[in-house]
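Me: Could you go through this structure with me, starting with the overall picture and then moving to single pairs of residues?

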Amino acid sequence: MSACDDTFSRSERMLLALLRGALWGHGLPAELFGGADEVLWREVAALSSAQGVQALALGSVMALPVALQPPRGIKIAWALNTGNIERRSARQKEVAEGMASLLGGSGIRMLVLKGVGFARFYPEPLRRESGDVDVYLFGRHDEGERLLLDAGAVLTQERHHKHSGLCYRGVAVENHAHLLDVDFYAEDRIMEERLLGILAADEMLRNAPAGGVLFPPSGFDALFLMRHAIAHFVFGEFVLRHACDWAMFLSANRGRIDFDAYREVMDSIGHSRVADMVTALTVEHLGLDASLAPPFTAGKGDADEMLRMALAPRTTIPEGASQLKVLYFKIKRMADYRRRYNMVYRHGFGRYITRSIRDHIVDPQKILRK
């Protein structure tokens, strides 16, 4: 994206340039950053936070010539936030290693998924923001959970659909009984079967001893990472962090991904269109070398559309909203989901509405819960 491209706001173009600099070392165009005032820089900082890339972008901010950098107060706040993110990431890594060791004492192997796992693809892993630690215990969910609870973990969410929630040594943990939401989505049942097959066939993973943190092979991550991004896309939660994950994964695993197998699964579950749009975004707007990406049919218009949807603010419920307003905003948010949902799933949005009604009957408090 050139500095003169006015398809997006100046603050959005500045953030994208900062990310290209952070990911690949691309130069930062002086004409884009020159003359940016405090108000504009505050917009960039807020946008980087909302998109989950504030820590990632800081390196590029500090690489700018001093005359082009944001005012001192903004830099200090940005650096403080980045420090907090790095400390949280380091703590998550430490706790994940401790969990693996604890579970390994009972012969339970622990696979780390999503955020903490994706961080290993970044040049500075601690700057990849993550809210929790996602783990899969190879079919020993219940046994592993009992061990963690005996070791002081607190159950924060009973098993619901694919995982339960814990707080272990101050860190949020999702303990996956299933990799995906196989109870509801036919697409996830197809995907889960393929993912489990990849894990079972991987000799290094199969022979890895319990006690250490394990990560999935590249064939698994290609499918899981994209399915994870698309699941967030459906409900208006796809942000630039997810696109950066895809770009960093593809770069770190060049030559090790079977793109034909990836395409076959995406086609089989009807995800190819949206997956190609995500890939096009990473190439057109984040600077990924197209030769590293799986073949895709989406063009710049599709990349722009995906980027606009990523940057669009999610419908949020204002603080202090009355119960009636909470209900109004939840209905509005559900209406916002409809187009995205129908882009991804074959069974239509009505099935999701039915499931939502069922979940709210089981737990009526959800109706007015933010």
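This is a predicted model: local features need pLDDT of at least 70, side-chain atom pairs count only at pLDDT 80 or more; totals for chains, interfaces and linings use all residues.

Me: ok, how many helices and strands?

Reply: The protein has 16 helices and 6 strands, where helices (H or I, at least four residues) and strands (E, at least two) are DSSP runs numbered from the N terminus.

Me: And what about the radius of gyration?

Reply: The protein has a radius of gyration of 21 Å, which agrees with the value near 21 Å that a compact globule of 370 residues would have; the radius is taken over C-alpha atoms, and the globule rule is 2.2 Å times the number of residues to the power 0.38. Along the principal axes, the C-alpha atoms fill a box of roughly 60 × 50 × 45 Å.

Me: What share of the residues is buried?

Reply: Of the 370 residues, 51% count as buried, with buried meaning under 20% relative accessible area, exposed over 50% and partly exposed in between (1.4 Å probe, protein chains only). The protein exposes about 16,500 Å², and carbon and sulfur atoms supply 54% of that area, as computed by the Shrake-Rupley method with a 1.4 Å probe, where for residues only the protein chains shown count as cover.

Me: Switching to charges, how many salt bridges are there?

Reply: The structure holds 17 salt bridges, each being a side-chain nitrogen of Lys or Arg within 4 Å of a carboxyl oxygen of Asp or Glu.

Me: Which residue does Asp221 bridge to?

Reply: Asp221 forms a salt bridge with Arg120, and their closest N and O atoms are 2.8 Å apart. Asp221 lies in helix 10 (residues 218-234) and Arg120 in the loop between helix 6 (114-118) and strand 2 (133-136), so the pair ties together parts that are 101 residues apart in sequence.

Me: Are those two buried or partly exposed?

Reply: Asp221 counts as buried at 2% relative accessibility, whereas Arg120 counts as partly exposed at 30%.

Me: What does Glu38 pair with?

Reply: Glu38 forms a salt bridge with Arg42, with the closest N and O atoms 2.8 Å apart. Both residues lie in helix 3 (residues 38-50), 4 residues apart, which is about one turn of the helix. Glu38 is partly exposed at 39% relative accessibility, and Arg42 is partly exposed at 47%.

Me: Which residues are linked in a network of salt bridges?

Reply: Glu86, Glu124 and Arg127 are linked in such a network. Within it, Glu124 forms a salt bridge with Arg127, the closest N and O atoms being 3.7 Å apart; Glu124 counts as partly exposed at 44% relative accessibility, and Arg127 counts as buried at 16%.

Me: Now the rings, how many aromatic pairs come out?

Reply: The count comes to 11 aromatic pairs, under a rule by which rings of Phe, Tyr and Trp (its six-membered ring) pair if their centres lie within 6.5 Å, with planes under 30 degrees apart counted as stacked, over 60 as edge-to-face and the rest as tilted. Phe121 and Phe249 form an edge-to-face pair, 5.4 Å centre to centre with 65° between the planes.

Me: Where do Phe121 and Phe249 lie?

Reply: Phe121 lies in the loop between helix 6 and strand 2, and Phe249 in helix 11, so the pair ties together parts that are 128 residues apart in sequence. Phe121 is buried, with a relative accessible area of 12%, and Phe249 is buried with 0%.

Me: How much of helix 11 is buried?

Reply: Helix 11 is mostly covered, since 11 of its 13 residues are buried, including Trp246, Met248 and Phe249. Helix 11 (residues 240-252) reaches 18 Å from its first C-alpha to its last, close to the 18 Å expected at 1.5 Å a residue, where the expected span is 1.5 Å times one less than the number of residues.

Note on methods. Residues are numbered from 1 along each chain as its sequence is written. Side-chain values use heavy atoms; hydrogens and water are left out.
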